[in-house]
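Please look through the sequence and the structure shown here, and then read the report that follows.

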Amino acid sequence: MRSFATLAIWSNERIRSKLDWYYKVSNNVLPAKYLICRRIAAPDDVWDMQEDELWRLHERLSAEFDQLRGMVRMGRRDLGEEVRPNFLSVKVALTKKILSHCYFCRWYCRVDRVAGKKLGACQLGEQSRVSSYFHHTGEELPIRGTLGSGTIFFTSCNMRCAFCQNSDISHDKDNGTVFTPRMLAWAAWLLRMEGCHNVNFVGGEPTIHLHNIVEAISLLRNFNEFMSNALIAKADYLPYPMNPRYSDYRGEFNVPILWNSNMFMSREALLILRELVDIWLPDFKFGNNRCALWLSRTPWYLETVSTNHRTIYEWGEDIIIRHLVMPGHMECCTKPVLRWISENMPDTPVNVMDQYHPDAYCNPNDPRYDSRYGDMARYPTRDEIYAAYKYAKELGLNFDDITFEKSLRRVTL
Ligand code: SF4
């Protein structure tokens with residue numbers, strides 16, 4: 001088997017140049033962002049600070065982070081020694097404060113998830129549940145590589161897509177097992193030690209679990225214990241041999257953090273994630289708010305998701321955008337989304353996905369089927385899929401190498 005680093009896709013400059021940071025972190029040539037955060041000192045009283053003080057501190061440390069990351073990236077200096085408390089402590093403290101009047105996502109529910117008496121749109125309190133975690137071999141080639149993407153599936157979501165392809169976990173907040181941040185960190189460590197090329201936080205939606213994930217990232221290190229309670233959700237058929245070489249960056253545990261998200265997050269959540277996420281894998285589903293409201297019961301979709309995408313692009317982050325072609329949504333969704341990407345995020349790798357299938361409320365064979373979604377109760381036609389490819393090609397999008405790699409088929413457009 002070829003190694004991850006020598007996969008043919010990396011010789012494609014349009015992909016390689018856009019995913020340079022991720023490629024190098026995954027191959028342990030560079031440290032993940034969380035390791036850089038550990039070198040940015042925070043004041044000793046960080047745990048006693050008020051929320052507005054923490055935000056001001058976060059802004060200052062973010063600038064320090066950029067400086068250090070730039071130098072490490074160019075090879076001008078080593079990481080240096082870890083300090084405590086550090087930038088990760090600030091992020092952990094902030095997310096804990098936010099949780100008591102939650103504004104992790106665009107709903108801005110402001111509910112106290114610690115008290116848990118009133119719940120927001122995600123229906124979650126303080127705890128996170130994991131449905132399963134495993135080596136995902138179905139993601140895009142740069143993500144799944146040769147040994148898979150270390151995917152951790154969280155339950156519940158902040159959108160309610162009637163056609164959700166993962167509705168068993170996204171529509172069921174009680175699915176799975178309660179995972180503490182320490183269990184999450186252990187699961188991520190195990191996946192990486194078994195050769196996964198990244199830790200892929202997904203759901204449902206990971207953003208609604210931000211406090212637990214941020215704390216888990218702060219705990220990411222080499223473990224020398226066995227957590228049987230965390231092993232319960234591991235869903236790999238085959239055992240994967242562990243090898244410390246997979247994760248070693250100059251003696252430290254290293255793994256790129258991947259955020260696999262619907263991007264319906266708040267600006268504040270995005271700011272917290274900026275210095276943690278090494279590669280973004282966002283969905284861009286709808287080209288207008290009417291479809292988002294009808295199919296996902298989500299208001300403010302277009303302005304929220306487009307602004308978040310553009311912000312990431314302006315930050316110069318590594319990103320692959322996913323757009324799922326839905327039946328009958330070429331003019332209202334696929335074309336406007338692809339056009340927006342070409343105008344606002346040119347050259348960004350895009351996966352134009354053909355795997356829509358009627359699911360959940362759109363599946364006539366499902367007890368939840370709702371005939372009002374009858375238009376969505378079919379697969380996209382071959383003509384619709386080809387029309388999407390053709391339009392992406394006309395726009396000059398960087399989509400074909402990511403979209404077509406799985407079947408090795410090239411569509412003549
Ligand atoms: S994560 Fe979003 S949906 Fe859930 S309570 Fe917070 S703001 Fe509301």
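## The ligand and its surroundings

In this predicted model, the shell around the ligand is made up, by class, of ten nonpolar, one polar and one charged residues, where Ala, Val, Leu, Ile, Met, Phe, Trp, Tyr, Cys and Pro count as nonpolar, Asp, Glu, Lys and Arg as charged, and the others, Gly among them, as polar. Among the residues around the ligand are Trp107, Tyr108, Gly120 and Ile208, each with a heavy atom within 4 Å of the ligand. The ligand sits in the largest cavity, in the sense that more than half of its atoms lie within 2 Å of the grid points of that cavity.

A cavity is a set of points, on a 1 Å grid over the protein atoms alone, where a 1.4 Å probe fits but cannot get out, and its lining residues have an atom within 4 Å of a point. The volume is the space filled by probe spheres set on the points, which are joined across faces, edges and corners. Of the 13 lining residues, Cys102, Cys105, Cys109, Arg113 and Cys122 are the closest to the centre of the largest cavity.

| Item | Value |
|---|---|
| Cavities of 30 Å³ or more | one |
| Volume of the largest cavity | about 90 Å³ |
| Lining of the largest cavity, by class | eleven nonpolar, one polar and one charged residues |

Residues are numbered from 1 along each chain as its sequence is written. The model is predicted, so local features need pLDDT of at least 70 and side-chain atom pairs count only at pLDDT 80 or more, while totals for chains, interfaces and linings use all residues, and side-chain values use heavy atoms, with hydrogens and water left out.

Technical notes: 1 Å grid on protein atoms, 1.4 Å probe; cavity = no way out; pocket = protein on both sides within 12 Å on 5 of 7 lines; lining within 4 Å.
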